[in-house]
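The sequence and the model are shown first.

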Amino acid sequence: MRTFGIAAFVAFLIDQISKYVVIHMMELARVRSIDVLPPVLNFRYGENRGINFGLGGDMSQWVLIVVALVICAGVTLWLWRSPHGRWAQLSGGLLVGGALANVADRLIYGYVLDFLNNSCCGINNPFVYNLADVFIFAGALGLILFTGEPKSAPKRRGKKGQ
């Protein structure tokens, strides 16, 4: 569980520090748009009142907070109660750390701060997201890939008559 805790803590910190630097220190909330490496990487100010990547925007902030906390508790309990490898622990930590970072935003601002925008190859992407969203997505994908029934060793066949 140490890997899980460290991953959750680091994901939470990275997200919160990145939001503070970009939104407040670089004043993205005021200027609304900063082209970093156009069109591949842009900072665009966004207030997300929905779930990951802006989906479900009409839901109550308190419902979203409770759902996120229940999911975090469930993932933590599940990883704690049954043995999982380091990659599963890391994945769970990323998911929980990202979810808690977005919960912190909802408690502080009443919405989640988003600022990352990527476009490429003539496609203009109107959506914004944050690093917590990336951690949640990567953590969920990692839990799918790195958990499940452990692969058992093939049964050895003995010589006949033994």
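## Backbone features in the loops

R32 has a relative accessible area of 45% and is therefore partly exposed (buried is under 20% relative accessible area, exposed over 50%, partly exposed in between, with a 1.4 Å probe and protein chains only). The model is a predicted one, in which local features need pLDDT of at least 70 and side-chain atom pairs count only at pLDDT 80 or more, while totals for chains, interfaces and linings use all residues. Residues are numbered from 1 along each chain as its sequence is written, and side-chain values use heavy atoms, with hydrogens and water left out. R32 sits in the loop between α2 (28–31) and β1; helices (H or I, at least four residues) and strands (E, at least two) are DSSP runs, numbered from the N terminus. The phi of R32 is near 75°, a positive value in a residue other than glycine.

A positive phi also occurs at C121, about 55°, although C121 is not a glycine. C121 belongs to the loop between β3 (112–117) and α5 and counts as exposed because its relative accessibility is 67%. The loop between β3 and α5 also holds C120, which is partly exposed at 39% relative accessibility. From C120 to L41 the C-alpha to C-alpha distance is 9.0 Å, across a sequence separation of 79 residues. The peptide bond joining P38 and P39 is cis, with omega about -5°. P39 is in the loop between β1 (33–37) and β2 (41–48).

## Chain overview

The chain contains five helices and three strands. Along the sequence they follow the pattern α-α-β-β-α-α-β-α. The chain has 162 residues, of which 36% count as buried.

Taking contacts between residues at least 6 apart in sequence, 67% join residues at least 24 apart (contact means heavy atoms within 4.5 Å).

Helix α1 (residues 2–25) packs with helix α4 (residues 86–109) at an angle of about 40°, and their axes are 7 Å apart. Axes are lines fitted to C-alpha atoms, for helices over the stretch in contact, and angles run from 0 to 180 degrees between N-to-C directions. The two helices, α1 and α4, are therefore oblique to each other (angles under 35 degrees count as roughly parallel, over 145 as roughly antiparallel, 65 to 115 as roughly perpendicular and the rest as oblique). The crossing of α1 past α4 is right-handed; a crossing is left-handed if the near helix is turned anticlockwise from the far one by less than a right angle, and right-handed if clockwise. Twelve nonpolar, nine polar and four charged residues form the contact of α1 with α4. In this classification Ala, Val, Leu, Ile, Met, Phe, Trp, Tyr, Cys and Pro count as nonpolar, Asp, Glu, Lys and Arg as charged, and the others, Gly among them, as polar.

S18 is a residue of helix α1. It counts as buried because its relative accessibility is 13%. Apart from its neighbours within four places in sequence, S18 contacts F115 and L131.

Helix α3 (residues 61–81) and α4 pack at about 160°, with axes 10 Å apart. That angle makes α3 roughly antiparallel to α4, and the crossing of the pair is left-handed. The contact includes W62, I65, L69 and V75 of α3 and L95, V96, V103 and R106 of α4. By class, 16 nonpolar, four polar and one charged residues make up the contact of α3 with α4.

For α4 and helix α5 (residues 131–146), the packing angle is about 150° and the axes are 7 Å apart. The helices α4 and α5 are therefore roughly antiparallel to each other, and they cross in a left-handed sense. Residues meeting in this contact include W87, S91, L94 and N102 in α4, and F135, I136, L143 and F146 in α5. The contact of α4 with α5 divides into twelve nonpolar, six polar and one charged residues.
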